[in-house]
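Welcome! Take a look at it first, and then read on.

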Amino acid sequence: MTEAIFRHPRSDRRGKGWARAAWEWVKLDERGLSIAEELISIGILTFAVGIVLAGIYTGTVGVKTRHRRVSAASLARSQLELVADSAYRPDPTAIPYPSVVPAAGYSVVVGLEYWIAPGGPFTTTLRNDGMQKVIVTVSGSEGQILQLEGYQVDR
């Protein structure tokens, strides 16, 4: 084979090494590539493009998920700050705490649990023992995104 490469009529590649001579032979050969070689190269190219597209899609989904979580955290923190800035309400069912206006696609729900004094747990039954646990739940179209808790104390 190497002999044939060095004897190509349009090639004067003696002394360049067999790899370079083989490459020059391929460049000078006018027969082209077989269908099998073409199909293999197209298959490899398709596989590589598929991997790149899968990576782009995965990155996009990750960015959208992170954006939803950041927006939900901002809404929840704003709601907790709004409740903390308002005065303690012994009966928040009669006069509820103020609530934020959620962005489009989100909903904010404020739940309360009441402390049982002097050292008991929190309960959902309305009590006025001076402390309330405020539970803020932010949901989107895909369900619950984030839940934060804070406390409101009668001072």
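**A first look**

Let's begin in a loop: Pro118 is found in the one between E1 and E2. The peptide bond leading from Ala117 to Pro118 is cis, and its omega is near 5°. Please keep in mind that this is a predicted model. The points below move from that loop to the sheet around it.

**The sheet as a whole**

- Four strands make up an open sheet, and their order is E2-E1-E3-E4.
- The pairing in this sheet is antiparallel.
- Strand E2 (122-123) and strand E4 (143-153) stand at the edges with a single partner strand each, so one side of each has no neighbour in the sheet.

**A helix on the sheet**

- Helix H3, which covers residues 35-85, packs on the sheet and touches E1, E3 and E4.
- The direction of helix H3 makes about 20° with that of E4.

**E1 with E3**

- Strand E1 (residues 107-115) and strand E3 (residues 131-140) run antiparallel and are joined by eight bridges.
- Which residue in E3 is the bridge partner of Glu113? That partner is Lys133.

**E3 with E4**

- E3 and E4 also form an antiparallel pair, with ten bridges joining them.
- Across this pair, Val136 stands opposite Leu148 in E4.
- How many residues does the hairpin use to join E3 to E4? The hairpin passes through two residues.

**A tip for viewing strands**

- In a regular strand, side chains alternate between the two faces of the sheet.

Key. Residues are numbered from 1 along each chain as its sequence is written. This is a predicted model: local features need pLDDT of at least 70, side-chain atom pairs count only at pLDDT 80 or more; totals for chains, interfaces and linings use all residues. Side-chain values use heavy atoms; hydrogens and water are left out. Two strands pair if DSSP finds at least two bridges between them. Contact means heavy atoms within 4.5 Å. Axes are lines fitted to C-alpha atoms, for helices over the stretch in contact, and angles run from 0 to 180 degrees between N-to-C directions.
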